Amino acid sequence: MSLMGLQSRLIRYRPSRRAAVAIGLTATILLAGAVGGAAAGVAGVRAERHLRQAAVVFGQLQAQLEAGQASAARRTLSRLRTETGAARAATGGLAWRAGGGLPWLGDDVRAVGTVAATLDDLVRDGLTPLVRAAGSLDPAALAPRGGRVPLSALGQAEPLLRAADAAVRRAHGRVSGIPSGGLRPGVRAAVGQLRDRLGRAASVTGTAARTAAALPAMLGADGPRTYLMFFQNLAEVRATGGLPGAYVIVRADRGTVRLLEQGTAATDMKTFPRPVLPLGRAMRALYTDRLATFPGDVNFTPHFPTAAALLREMYRRRSGRIVDGVLATDPVALSYLLRVTGPVAVPGGPALTARTAVRQLLADAYARAQSNAAQDRYFADAARAVFDMLTHRPGDPRALIAALARAAGERRLLVWTAHPAEQRTVAGTVLEGALPTTDGDRPTVGVFLNDGGGSKLSYYLTHAAELTESPCRRAGRRELRLRVRLGTTAPAAGLPDSVLGLGLAGRYTTRTNVVVFAPAGGAVGSATVDGTARPLGTGTERGRAVGVVTLDLRPGSAKTVEMTLLTSADASSGRPRLWTTPGTKPWAITVKTPRRCTPQR
C-alpha cells in the first residue's frame, strides 16, 4: 500500500491529484485576468471579463472533479472552453494586433494576446484529456481490495495524463518565452506569476503521467517485485528524518501486496568491517566510513538515493536477497494515515491512534520495554498491524490519498528503485528525497540534523530556521544569512537507559550535528553560536559546500546558530528556498527577501 503514495499529489497535500491540477490551473486563469486588465481598450476589457468568468467556471469544474462527477465535469468543461475561446477571439483581431505595434503599449498587448491564446489551448489540450481521465483517476478505483491494488485504471489513464502533461508544458514554454524587458511592472509581475504557476502545474502533471506509466510495473504487473521498507526512528535524528529502525520486506505481484519478512536494521544487518559500496573521498571526509558500514548511519546524508542503495546492499549481504527498491516512512506519516483508518490494535501494547502513535512509538515504547529484544518485538508487531490495516481496510480512499500526499509533501515518504527507468519516474519529485546538484530558478539551502550523542533524545527537539537574503551582492553572488535555533523539552530526570543510550555528551545532554548545505555552486562563510564565533567543520557533497556545527543542549535549553552563505555567481533571482530534516514537531520556517540594495558608503 505504501507504493500508493506514488499516486498522491507530490507537492503540498491536497484532496486529490485532479484537484491539484485544477487548483494550479484556476490560479493560472485568475492571473491571466490580471494581465488582461492591464491592457487598454475595449478588447482588453472584454478579454478580462471572459477570463474572470472562466475562473468562476473553473472553480465549478474543480469541485466536480473532486466529487467524481465526471458527466457534470464534461458539461462544465464545454462552458470553460467557450469563455477562454472568447478571450482568445477578443485578443486576436486586427485592432488588437495593430495595438501590438504601439511603442508605449505594444509589448503589453502582445503579452496579453499570448496569454489568452495559451490558456485557450491549455483548456482544450490539457483539461480535456484530464477530465476524460477522471473516472480512471477516482481514488476509489485505486484503493486496495483484499491486499490487491487494481492496475487497469492506471493503464487507461496513462495516455490521457501524458497528453495533459504535454499541453501544460507547452503552455509553460510559451509563457516563459514572453519578453519581459518592455512590459509595465504590473504586467511583468503577472506574467511572471503565471509562468511560475504553470511550472508548478507541470511538475504535478508530469509526476502523474510518469507515475501512471511506471506504477503498474512497480506493483508487479510484469513480474514480482520485492521492496525493503524501513521506518525512520525520529527519536534519534538523521538527515532524512531518523535512524533506520524496524523494516519489512514486501512483495508485489500483479497488484497483490504481501509482507514476507520483518527485522530491525541494527539487530539483523549489524555492522560491516568495510564499506559495502565505494565512497568518494569527499563523502568519507564528511561522514566517515560509518555511512557505508553501519545500517543506522546510512542516512547521515540527506540524499536518499545514496542511503537507499547502501541499505539495499547491506540487506543483500546479510540475507542473500536482492530487493528491487527501498522505501522509507516515519511515525508522523503513520499518524496522518490513522486519522483516516482509525486506531490499529498492536499485540502486547496499546492501540496506535492518530493522537498517540508518535509518542507511543518514539517515547512510551522505550519506557515500557525492558530489553532491546522486547522493543524489537513491539516495533515488529506494530509494523505488521499497520501493514495489514493499509492493505485490507484502508478507509476512505480520497482521505487516505490526501494523508499520503501530506506525508510526501513533508518528505516523510521516500522511494528509490533499482530500475533506472522507474527511478526516472520518481526523479524530481519529493518522493525521491534527492539533494539536487543544481538549484534551477530558486537557490536552495539545506539544514539537516544528525544525532551525535547516541541517544533517543531527538524526540524532544524543537527547531526554527530563518533565511534572509542580503539586498546586495558580493562579487556578483547573492548573500544569504541563516539563523537556526534548536531547543529541547527533554526532562532532567526519569528517562530509561534505552533513551539515554550512549550518552556521548552526557546522560541528559542532546548532542546534534547541524549540517548546513549552501546553494549549488555557492559557499559557506562564518558561523556563530549564541553570538560567539564558532569554527565550522566543512566539506562538500554533490557540488554543494557544507558547514557543520555541533550543539550540546541540556534539558530545557536552546541555542542559536547563525551562518553566512553565498550563492553561485550565476544564481537566479528567484526567492530562496529552505529544506530541513523532518522531525517529531514541525519547524518554524521564515524566508525573507529584500526589496532593494542600498550600497554602503
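Among contacts in the protein chain between residues at least 6 apart in sequence, what percentage join residues at least 24 apart? In this predicted model, the share is 73%.

**Figure 1. Overview of the predicted protein chain, with its helices, strands and buried residues.** The protein chain contains 17 helices and 18 strands, and buried residues account for 56% of its 601 residues. The close-up views that follow take up helix contacts and strand pairings in turn.

**Figure 2. Close-up of the contact between helix 12 and helix 13.** The axes of helix 12 and helix 13 come within 8 Å of each other and cross at roughly 150 degrees; because angles over 145 degrees count as roughly antiparallel, helix 12 is described as roughly antiparallel to helix 13. The crossing of these two helices is right-handed. On the side of helix 12, the residues that meet helix 13 are Pro331, Val332, Leu334, Ser335 and Leu338, and their counterparts in helix 13 are Ala357, Val358, Leu361 and Leu362. Sorted by class, the contact of helix 12 with helix 13 comprises eight nonpolar residues and one polar residue, with no charged residues.

**Figure 3. Close-up of the contact between helix 12 and helix 15.** Helix 12 (residues 331-341) and helix 15 (residues 397-409) have axes that come within 9 Å and cross at roughly 165 degrees, which makes helix 12 roughly antiparallel to helix 15. This crossing, too, is right-handed. Helix 12 contributes Ala333, Tyr336, Leu337, Arg339 and Val340 to the contact, while helix 15 contributes Ala399, Leu400, Ala403, Leu404, Arg406 and Ala407. The contact of helix 12 with helix 15 has nine nonpolar and two charged residues, and no polar ones.

**Figure 4. Close-up of the contact between helix 13 and helix 14.** The axes of helix 13 (residues 357-368) and helix 14 (residues 372-392) come within 10 Å and cross at roughly 145 degrees, and the crossing is right-handed. Gln360, Leu361, Ala365, Tyr366 and Arg368 of helix 13 are in contact with a set in helix 14 made up of Gln375, Tyr378, Phe379 and Ala382. By class, the residues of the contact of helix 13 with helix 14 are six nonpolar, two polar and one charged. Leu361 of helix 13 takes part in this contact with helix 14, and Leu361 is also listed among the residues that meet helix 12.

**Figure 5. Close-up of strand 7 and its pairing with strand 4.** Strand 4 (residues 325-329) and strand 7 run antiparallel and are joined by four bridges, with Leu327 standing opposite Val415 in strand 7. Strand 7 (residues 414-417) is covered on both faces, with Leu414 and Trp416 buried on one side and Val415 and Thr417 buried on the other.

Terms used
Residues numbered from 1 in each chain as written. Predicted model: local features only at pLDDT ≥ 70, side-chain atom pairs only at ≥ 80, totals over all residues. Heavy atoms only, no water. Axes fitted to C-alpha atoms, helices over the stretch in contact; angles between N-to-C directions. Left-handed = near helix turned anticlockwise from the far one by under 90°. Contact = heavy atoms within 4.5 Å. Nonpolar A, V, L, I, M, F, W, Y, C, P; charged D, E, K, R; others polar. Parallel < 35°, antiparallel > 145°, perpendicular 65-115°, else oblique. Buried < 20%, exposed > 50% of the residue type's maximum accessible area, 1.4 Å probe, protein only. Pairing = 2+ DSSP bridges.
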